[in-house]
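Dear colleague,

I am passing on the structure below, together with an account of what was found in it. Please read the notes alongside the coordinates when you have a moment.

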Amino acid sequence: MVAARVPRVMENNKLRYIVVRDGDTREKLEEEFQLLRWELSRYNELSNDFKITPGQILYLQPKKEKAETGKEFYNAAEGDTMYLISQRFGIKLKSLYKMNRMQEDSEPETGSTIW
């Protein structure tokens with residue numbers, strides 16, 4: 001059986017992103033996508049010395065202030081963090097907290113509606 005080739009670069013909220021694969025390193029990704037050293041950490045709101053993990057979503061350009069039309073609401077699932085939700089929808093974390101009138105560093109309750 002041959003696995004279908006999944007495109008390396010995908011789009012969400014009109015933003016280009018990738019999903020980290022086994023064997024990827026930060027240096028390989030920066031070279032492959034011609035990114036400066038600071039871009040992945042800034043675009044994904046991570047510390048400068050972050051470590052990548054397989055399955056992680058990484059944006060290749062700055063995230064937006066709000067979600068795309070039709071995705072204005074999300075029901076938080078068990079284990080969701082505001083950061084994971086911000087990555088899922090391509091929204092800046094600070095904007096997500098502000099829209100939901102939540103204190104930064106707080107997390108959503110399971111089943112709560114997130115704007």
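A salt bridge is taken here as a side-chain nitrogen of Lys or Arg within 4 Å of a carboxyl oxygen of Asp or Glu. Please bear in mind that this is a predicted model, in which local features need pLDDT of at least 70 and side-chain atom pairs count only at pLDDT 80 or more, while totals for chains, interfaces and linings use all residues. Residues are numbered from 1 along each chain as its sequence is written, and side-chain values use heavy atoms, with hydrogens and water left out.

Salt bridges

The structure holds 10 salt bridges. In one of them Glu 45 is joined to Lys 63, with 2.5 Å between the closest N and O atoms. Glu 45 lies in the loop between α2 and β3 and Lys 63 in the loop between β3 and β4 (74-75), so the pair ties together parts that are 18 residues apart in sequence. Helices (H or I, at least four residues) and strands (E, at least two) are DSSP runs, numbered from the N terminus. As for accessibility, buried means under 20% relative accessible area, exposed over 50%, and partly exposed in between, with a 1.4 Å probe and protein chains only. On that scale Glu 45 is partly exposed at 33% relative accessibility, whereas Lys 63 is buried, with a relative accessible area of 5%.

A salt bridge also links the side chains of Arg 37 and Glu 27, at 3.8 Å from N to O. Since Arg 37 lies in the loop between α1 (26-32) and α2, and Glu 27 in helix α1, this pair ties together parts that are 10 residues apart in sequence. Arg 37 is partly exposed at 48% relative accessibility, and Glu 27 is partly exposed with a relative accessible area of 48%. Both residues belong to a network of salt bridges that links Arg 26, Glu 27, Glu 30 and Arg 37.

Lys 94 and Glu 104 likewise meet through their side chains in a salt bridge, at 3.6 Å from N to O. Here Lys 94 lies in helix α4 and Glu 104 in the loop between α4 and β5 (113-114), so the pair ties together parts that are 10 residues apart in sequence. Lys 94 counts as exposed at 57% relative accessibility, while Glu 104 is partly exposed at 46%.

The sheet and its surroundings

Three strands form an open antiparallel sheet in the order β1-β2-β3, where two strands pair if DSSP finds at least two bridges between them. The edge strands, each pairing on one side only, are β1 (10-12) and β3 (57-59), and the twist averages 45 degrees from one strand to the next. Axes are lines fitted to C-alpha atoms, for helices over the stretch in contact, and angles run from 0 to 180 degrees between N-to-C directions. β1 and β2 (residues 15-19) run antiparallel and are joined by three bridges, and Met 10 has Tyr 17 as its bridge partner in β2. Across β1 and β3 lies helix α3 (residues 82-89), which runs at about 60 degrees to β3.

Four aromatic pairs are present in the structure. Rings of Phe, Tyr and Trp (its six-membered ring) pair if their centres lie within 6.5 Å, and planes under 30 degrees apart count as stacked, over 60 as edge-to-face and the rest as tilted. The rings of Tyr 17 and Tyr 59 have centres 5.6 Å apart and planes at 45 degrees, so this pair is tilted. Tyr 17 lies in strand β2 and Tyr 59 in strand β3, so the pair ties together parts that are 42 residues apart in sequence. Tyr 17 is buried at 14% relative accessibility, and Tyr 59 is buried at 0%.

The nonpolar cores

A nonpolar core is a set of buried Ala, Val, Leu, Ile, Met, Phe, Trp, Tyr and Cys residues joined through side-chain atoms within 4.5 Å. The largest has 11 residues, among them Ala 67, Met 82, Phe 89, Leu 96 and Ile 114, and α3 and α4 (93-99) each supply at least two residues of this core. Apart from it lies another core, of 10 residues, including Phe 33, Leu 35, Phe 50 and Ile 52.

With kind regards

Notes
Contact = heavy atoms within 4.5 Å.
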